[in-house]
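Work through the exercises below with the structure in view. Each one is followed by a worked solution.

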Amino acid sequence: MDFAGSERVAEETRNGARSSARRAPGTKDWQEDLSRAPISTKIVVAGGFGVGKTTFVGAVSEIEPLTTEALMTQASEETDDLASTPEKTTTTVAMDFGRITLEADLVLYLFGTPGQQRFWFMWDDLVRGAIGAIVMADTRRLEDCFPALDYFESCGLPYVVAVNHFEGTPAYAAEDVREALSVPERAPVVIMDARERGTVVKSLLSLVGHALDVAPA
């Protein structure tokens, strides 16, 4: 081997050692493969006030989720109905943000929208660039998710209705919720628990599959 070849081998060895030293614990092999860039997609999580959007994002985010929770005050008593969620003391005033890696090369960025009408002016910015939306529904107040359903129907964004069953509430079948909300057959309706990572992941997979199905060829 000539001198130039020896230098090249030595440099590659040094680079490999530095790469191994920098490798974070738990890093997968595919994450070190710079030849395959992951596909990043944006998902919007919407729904009424107190339906569980922040919990949904936090349940699956592999990073510390960014939240914009603010303490609720007496000023919102006339507009924020706490009858179904009396223990709620904070509310999202801008957005929630999290990230989850579903497959070796598929990364979802989750953006939770604020639920109150006074914050809806931010939805256009949050939705820009998204491949689809999760519309969360609480069976105790299904009417709260109508604005989100109308919004995504009007802008043509694929969506999935995720029914978040709270403890102590009657369990309804997905098709019963579909009928009550007049959700078209093309949009999946799933039953989930925003606190349980497995059911949240299934909801996201359902949305990704639906978005792929309706995407132009």
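The exercises concern a predicted model and treat its sheet and then its cavity.

**Exercise 1.** Find which strands stand at the edges of the open sheet of six strands.

Solution. Start with the strand order, which is β4-β5-β1-β6-β7-β8, with mixed pairing. Next, look at the two ends of that order: β4 (96–103) and β8 (189–192) each have a single partner strand, so one side of each lacks a neighbour in the sheet. These two are therefore the edge strands. From one strand to the next, the twist averages 25 degrees.

**Exercise 2.** Describe how β7 is joined to β8, and state which helix packs there.

Solution. Take β7, which covers residues 159–164. Four bridges join β7 to β8, and the two strands run parallel. To place the pair residue by residue, note that Val 163 lies opposite Ile 191 in β8. Then turn to helix α6 (residues 174–181), which packs on the sheet and touches both β7 and β8. The direction of α6 makes about 125 degrees with that of β8.

**Exercise 3.** Determine how many cavities of 30 Å³ or more the whole structure has, and sort the lining of the largest by residue class.

Solution. A search of the whole structure gives one such cavity. The volume of the largest cavity is about 40 Å³. Now list its lining: Gly 48, Phe 49, Val 51, Met 136, Ala 137, Asp 138, Arg 141, Asp 144 and Cys 145. Sorting these residues gives five nonpolar, one polar and three charged. Gly counts as polar, and Gly 48 is in the lining.

Methods: Residues numbered from 1 in each chain as written. Predicted model: local features only at pLDDT ≥ 70, side-chain atom pairs only at ≥ 80, totals over all residues. Heavy atoms only, no water. Pairing = 2+ DSSP bridges. Axes fitted to C-alpha atoms, helices over the stretch in contact; angles between N-to-C directions. Contact = heavy atoms within 4.5 Å. 1 Å grid on protein atoms, 1.4 Å probe; cavity = no way out; pocket = protein on both sides within 12 Å on 5 of 7 lines; lining within 4 Å. Points joined across faces, edges and corners; volume = space filled by probe spheres on them.
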